[in-house]
Amino acid sequence: MKKIILFTIAVICMMTNALAQIATKTVRLKVIETSDVHGHFFPYDFMEKKDIKGTLVRANTYINKQREKYGDNLLLIDNGDILQGQPCVYWSNYVMPEDENLAASVINYMKYDAETVGNHDIEPGHKVYDKWIREVRCPLLGANIVKEEHKNGEANPASIYTGLKPYSVHYKDGVKICVIGMLTPAIPNWLNKPIWKGIEFEEMVSCAKKWIKYIQENERPDLIFGLFHSGLNGGIKTDEYEEDATESVAKEVPGFDIIFFGHDHQVHNEWITNKAGKKVLCIDPSCYVKNVAEAEITLTYKNGHLTKKDIKGEIVSVLDEEIDQQMLSHFQPAIDKVKAYVDRKIGYFESPIYTRESFFGNSAFTDLIHNLQLQISKAEISFNAPLSFNMEIKAGEVTQ
């Protein structure tokens with residue numbers, strides 16, 4: 001009889017433990033962000049004609065290590081400004097536009113889960129970015145990039161510019177995640193309207209408020225992330241908008257768990273307290289794929305209800321990661337074509353020219369730029385400024 005009682009107690013204990021394990025669930029996630037890539041896909045500087053560290057082929061080595069560790073519980077996101085920078089994107093945008101844009105090919109190859117639009121992605125004009133939007137296979141986000149006729153302020157997905165989404169939805173081990181993408185609204189300050197004809201850029205705080213409300217009511221996710229191509233603070237400020245509005249959104253719009261951002265080319269990893277008294281991780285890896293920004297998230301569920309979120313942010317350098325040789329080999333034909341293009345000889349300088357001369361009087365360097373601008377644009381007046389104090393174009397052959 002005593003043995004039967006002890007056996008019954010053991011069975012009850014085992015059942016209790018099993019039920020407790022079912023009632024409590026812990027999920028670990030990893031989110032990795034790249035931002036402001038600016039064509040730094042490959043470990044070669046096409047302008048300086050030399051090898052460089054970092055770039056997406058090294059970042060992908062690190063990302064693949066994390067995929068081995070986290071499996072499907074890894075979310076990979078990019079924050080825009082990918083269509084301008086290294087000559088490989090110029091080549092793709094304008095020289096070989098009939099091919100799939102390299103910026104889309106790389107994102108597709110690396111299996112990104114979502115991407116947002118940067119201001120330099122608008123810069124090449126409709127013909128380039130409309131095609132790029134169609135070619136990227138992950139959701140391309142732009143909640144505040146709306147059709148020009150849309151002025152009623154409603155959270156209506158139909159008003160978003162064609163091919164973009166206001167937010168994306170992702171499921172990782174039963175966890176529902178929504179990512180809201182936005183772009184700095186300062187585009188009209190930099191670019192002529194024909195470049196963004198038919199589009200408006202809404203102010204970010206009000207846009208975030210309406211989409212947070214929409215998502216909370218209609219999606220009910222476990223986690224909400226921002227993916228903002230807008231710096232922390234500062235930049236251009238007008239009565240209508242802030243260029244760098246991430247801090248303002250973090251403070252004024254409760255609901256975000258993490259805001260992944262970029263645009264200001266600075267490293268950030270900080271917690272900001274919103275007006276509801278809750279802390280929001282705001283993290284930015286800077287530019288040119290020297291780093292990635294990542295968040296490690298542990299979620300605890302009891303009886304199916306999310307009871308605890310533990311979030312840790314980190315900036316990880318990828319400068320010295322090994323090159324992903326498989327990725328490099330995949331894109332080698334394109335790399336060779338770009339190298340051949342930029343190595344074309346287009347002129348010859350008999351004497352060197354220097355930017356520093358322009359700070360003290362007439363300058364052959366600025367004269368060259370003036371003459372090119374006047375000839376190409378057919379304008380009557382030209383303005384230009386040397387962007388560096390002591391740059392030199394050496395005597396000798398000039399390549400593309």
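User: In which helix is T61 found?

Analyst: T61 lies in helix α2, a helix being a DSSP run of H or I of at least four residues, a strand an E run of at least two, both numbered from the N terminus. The model is predicted, so local features need pLDDT of at least 70 and side-chain atom pairs pLDDT 80 or more, whereas totals for chains, interfaces and linings use all residues. Residues are numbered from 1 along each chain as its sequence is written, and side-chain values use heavy atoms, without hydrogens and water.

User: Why is T61 called buried?

Analyst: Its relative accessible area is 15%. Buried means under 20%, exposed over 50% and partly exposed in between (1.4 Å probe, protein chains only), so T61 at 15% is buried. Across the chain, buried residues make up 49% of the 400 residues.

User: What does the side chain of T61 reach, and which residues is T61 in contact with, leaving aside its neighbours within four places in sequence?

Analyst: The side chain reaches the backbone nitrogen of D324 at 3.3 Å. A polar contact is a pair of N or O atoms within 3.5 Å; within protein, one must be able to donate a hydrogen and the other to accept it, and residues adjacent in sequence count only if both atoms are side-chain atoms. The 3.3 Å distance is within that limit. With contact meaning heavy atoms within 4.5 Å, T61 is in contact with E321, E322, I323 and D324, leaving aside neighbours within four places in sequence. At the start of α10, a side-chain oxygen of D324 in turn comes within 3.1 Å of the backbone nitrogen of Q326.

User: What lies at Q332 in α10, and which residues of α10 are buried?

Analyst: A kink of about 55° lies at Q332, shortly before the proline P333; the bend is the angle between axes fitted to the seven residues ending there and the seven starting there. M327, L328, F331, A334, I335, V338, Y341 and V342 are the buried residues of α10, and they pack against α2 (56-70), α3, α4 (102-110) and β20.

User: How many residues line the largest pocket, and what makes up its lining by class?

Analyst: The lining has 39 residues, with M47, F365, I393, T399 and Q400 nearest the centre. It comprises 22 nonpolar, 11 polar and 6 charged residues, where Ala, Val, Leu, Ile, Met, Phe, Trp, Tyr, Cys and Pro count as nonpolar, Asp, Glu, Lys and Arg as charged, and the others, Gly among them, as polar. The largest share, 5 residues, comes from α3. The volume of the pocket is about 1700 Å³.

User: Which residues line the largest cavity?

Analyst: V117, I122, Y129, I133, I145, Y161, L164 and I199 do: 8 nonpolar, no polar and no charged. On a 1 Å grid over the protein atoms alone, a cavity is a set of points where a 1.4 Å probe fits but cannot get out, and a pocket is an open set with protein on both sides within 12 Å along at least five of seven lines; lining residues have an atom within 4 Å of a point. Points are joined across faces, edges and corners, and volume is the space filled by probe spheres set on them. The largest cavity holds about 40 Å³, and the count is 1 cavity of 30 Å³ or more.
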